[in-house]
Amino acid sequence: MVDLIEAAAAVGRSVRVGVIGAGNMGADHANTLRRFVRGAEVVAVADVDRARAAAAASGARAYTDAHALIDDPDVDAVVIASHDSVHAEQVVAAVRAGKAVLCEKPLAPTLAEGRQVLRDIGDDGEALLSLGFMRRFDQGYVALRQAIDDGTVGAPVLIHNISRGVSGAPNATSEFSVTGSSIHEFDVVPWLLRSPVVEVAWIAPRCSSQVHAGLQDPQLIHLRTADGVLSTCETFLNARYGYDVRCEVVGETGAMSLAEPARVRLDAELRHGIGYAADWRPRFADAYRIELQAWVDAVASGAPTPLATARDGLAASAVAEAVIASMHADGRTTKVAL
Ligand SMILES: NC(=O)c1ccc[n+]([C@@H]2O[C@H](COP(=O)([O-])OP(=O)(O)OC[C@H]3O[C@@H](n4cnc5c(N)ncnc54)[C@H](O)[C@@H]3O)[C@@H](O)[C@H]2O)c1
């Protein structure tokens, strides 16, 4: 595979990307790759929903079978943005076919499935696999991490994270809130601190009356990293008012937080204010673009990607599993088993 990519780079050919899953995220990635990423060409899109695949393919090949895309000799590299439940088997198939893979989070819905993926692809396969934890490419999070490294507010003692959305998926469960949403914090907190999460605890207030049965919303999660820092993570999928992600790092001599991303201040209809993004796509559009560019550049040159690795994906899944165990044990403090 590396030979193939090096050959492509040598002749100046674009990396030919196939995108699996053409829902919100896959269609967005296909569009970003096509419009904003240098050196990439979207040559195929696969979705079990033929109309979605065709729409996102925008004239490129459209498949209803992900494995047909993976086996397509014209596809050098694969973005997996299908349902969480099929990530594992699609990752294994694509890596075994020798393709570079960018898999959206999570690697798999459970830690056991994630571990099996790593066993199935082996050490060589791991080098081909990157995980889509795009907050690592958000300029605000990058600046926070640099400021922590620089000691700008002294040694960190606390991190407060807030992740609120307008409305969760209609079938979202309490566990899905953890594996599908809070997992971003399970990746970004240890990445910011350069210290793994070792212990977690889950707690919740009364449930919002706006939420269906089976989903506790909001939830509050505590993470303790090996360096002793405590992080709070509020996840509120149905907060209604807008998509709102915040992060404040409290250090021994000061505090710093993500500033509002650049937006328009509106004065109209007796109101003065700044609007919210409706979901993660506009809020993290730059992060997705920078992440995809970094991935394509690495694939083209044969260099290791600077994205989250398979091991990072496994670490986040291990935290998610411990949080769910805590949820099922009335909030008992739970060690992370990795
Ligand atoms: N990084 C992020 O910020 C972020 C944000 C949202 C979603 N995601 C992840 O992206 C993935 C997609 O999420 P989404 O919001 O686009 O969901 P979605 O439901 O809008 O889209 C998923 C698509 O996958 C297709 N699909 C399901 N099984 C398939 C299969 N076996 N083969 C091919 N296609 C299949 C579905 O038909 C659907 O079109 C999920 O894994 C999710 O966790 C990541």
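Author: Gladly. The sulfur of C233 lies 8.9 Å from the closest cysteine sulfur, that of C247, which is too far for a bond, since a disulfide is a pair of cysteine sulfur atoms within 2.5 Å. By this rule there are zero disulfides. Please keep in mind that this is a predicted model, in which local features need pLDDT of at least 70 and side-chain atom pairs count only at pLDDT 80 or more, while totals for chains, interfaces and linings use all residues. Residues are numbered from 1 along each chain as its sequence is written, and side-chain values use heavy atoms, with hydrogens and water left out.

Reader: Is C233 buried or exposed?

Author: C233 counts as buried because its relative accessibility is 1%, where buried means under 20% relative accessible area, exposed over 50% and partly exposed in between, with a 1.4 Å probe and protein chains only. C247, at 2%, also counts as buried.

Reader: Changing topic, what is the order of the strands in the open sheet?

Author: The seven strands are ordered β12-β11-β7-β10-β9-β8-β16, with mixed pairing; strands here are DSSP runs of E with at least two residues, helices are runs of H or I with at least four, and both are numbered from the N terminus. Two strands pair if DSSP finds at least two bridges between them. β12 (255-257) and β16 (334-335) are at the edges with a single partner strand each, so one side of each has no neighbour in the sheet.

Reader: And how many bridges join β8 to β9?

Author: Six bridges join β8 (residues 197-203) to β9 (residues 219-225), and the two strands run antiparallel. Within this pair, V197 stands opposite T225 of β9.

Reader: Which strands does α11 lie across?

Author: Helix α11 lies across β8, β9 and β16, at about 35 degrees to β8; angles run from 0 to 180 degrees between N-to-C directions, and axes are lines fitted to C-alpha atoms, for helices over the stretch in contact.

Reader: What about the nonpolar core, how many residues has the largest one?

Author: It has 96 residues, and those with the most contacts inside it include L33, F186 and W295; such a core is a set of buried Ala, Val, Leu, Ile, Met, Phe, Trp, Tyr and Cys residues joined through side-chain atoms within 4.5 Å. Helix α11 (residues 310-327) gives the largest share of this core, 10 residues.

Reader: And what does F186 touch?

Author: Leaving aside neighbours within four places in sequence, F186 is in contact (heavy atoms within 4.5 Å) with residues including V178, I221, L223 and A316.
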